[in-house]
Amino acid sequence: MAVLSILRSTASRRGVRALGVASASVALAIGAAGNALACDISEFSAAAKCEGDKGVITVTDVDPAGIPATVTVYLQNNGADAEKIGEQVVKGSREGSTITFAADWKPNAEYRIHVKADKYVDEDIKPNLVTPSTPCKTEDTPTPTPTPSESSSTPAEETETPAPAPSTSAPAPSQSESTAPAAVPSNNAPSPAAGESNLAETGANSNTGMIAGIAAALVAIGGGAVFFGLRRRGANSNR
């Protein structure tokens, strides 16, 4: 009987011990599963993006448990919070849930993003978010005005017609100007006769003798006619 009692007690202790080991294993499994489902900072990520000409900051939560988390974004300046950009609540999902902050960020700006999810998370996303060096909207560069060059051509409407070069040759005189006016005699003396002019020019005329002969003949004829007329008148008076 004593031997049976010892064997029974030994079996009981072994059963209890096995049950304890099994319970501990279940507890560890449940704890591991709970930790796997718990929210963690590694499930959050941030990015600086552009929506048109405006800059935005996005935060994505891939927590499959869907534990709500509060996300706060701060603009940094020399390692300190310079401005609070905004605060939103995100509920994660296995596919990822994304929230957007209208930050209109500047190139190479730094932002601190803090996440708080109940008792699971209360810390920043590391490292801090640094925006790209290229802005979302490039400023319009004014077109430089071309400098006028001496060699550049002037538009037709602005081109001045050069003045004609002065002519070195004098214009031909008109017919009225080409003929010199006759000299007006300074006195009223009569002009010499044509014959006298010829005589003055040549000194002697070869027709002078003939003219004188003709004049003498005319004088003789005239004298004869007068004489004949007087004689005839005397004859008539004698009758």
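This is a predicted model: local features need pLDDT of at least 70, side-chain atom pairs count only at pLDDT 80 or more; totals for chains, interfaces and linings use all residues.

First, a term I need: a residue is buried under 20% relative accessible area, exposed over 50%, and partly exposed in between (1.4 Å probe, protein chains only). Residues are numbered from 1 along each chain as its sequence is written, and side-chain values use heavy atoms, with hydrogens and water left out.

**Entry 1: a hairpin**

I looked up Asn78 and found it exposed, with a relative accessible area of 81%. Asn78 sits in the loop between E3 and E4. Helices (H or I, at least four residues) and strands (E, at least two) are DSSP runs here, numbered from the N terminus. Asn78 is not a glycine, yet its phi is positive, about 55°. The hairpin of E3 and E4 has 2 residues between the strands.

Then I checked the strands themselves. E3 covers residues 68–77 and E4 covers residues 80–91, and they pair in the antiparallel sense over 10 bridges. Two strands pair if DSSP finds at least two bridges between them. I picked out Val71, which stands opposite Gln88 in E4.

**Entry 2: the other partner, and an arginine**

E3 also pairs with E6 (residues 110–117), antiparallel again, over 6 bridges. Leu75 has Tyr111 in E6 as its bridge partner.

Is Arg112 buried or exposed? I found Arg112 buried, at a relative accessible area of 17%. Arg112 belongs to strand E6. Its side chain makes a polar contact of 3.0 Å with the side chain of Asp124. A polar contact is a pair of N or O atoms within 3.5 Å; within protein, one must be able to donate a hydrogen and the other to accept it, and residues adjacent in sequence count only if both atoms are side-chain atoms. Leaving aside neighbours within four places in sequence, I listed what Arg112 is in contact with (heavy atoms within 4.5 Å). Among them are Thr72, Tyr74, Asp81 and Asn128.

Asp118 lies in the loop between E6 and E7. Asp118 has a positive phi of about 50° although it is not a glycine. At 58% relative accessibility, Asp118 counts as exposed.

Next I checked Pro127, in the loop between E7 (121–124) and E8 (129–130). The peptide bond from Lys126 to Pro127 is cis, with omega near -5°. Worth a note, because most peptide bonds are trans.

**Entry 3: an open sheet**

I traced an open sheet of 3 strands in the order E1-E2-E5, with antiparallel pairing. E1 and E5 (97–101) are at the edges with a single partner strand each, so one side of each has no neighbour in the sheet. E1 and E2 (residues 54–61) pair over 8 bridges. Ala46 stands opposite Val59 in E2.

Asp40 is in the loop between helix H1 (2–37) and strand E1 (44–51). I found Asp40 partly exposed, at 36% relative accessible area. Asp40 and Ile67 are 27 residues apart in sequence and 9.9 Å apart in space, C-alpha to C-alpha.
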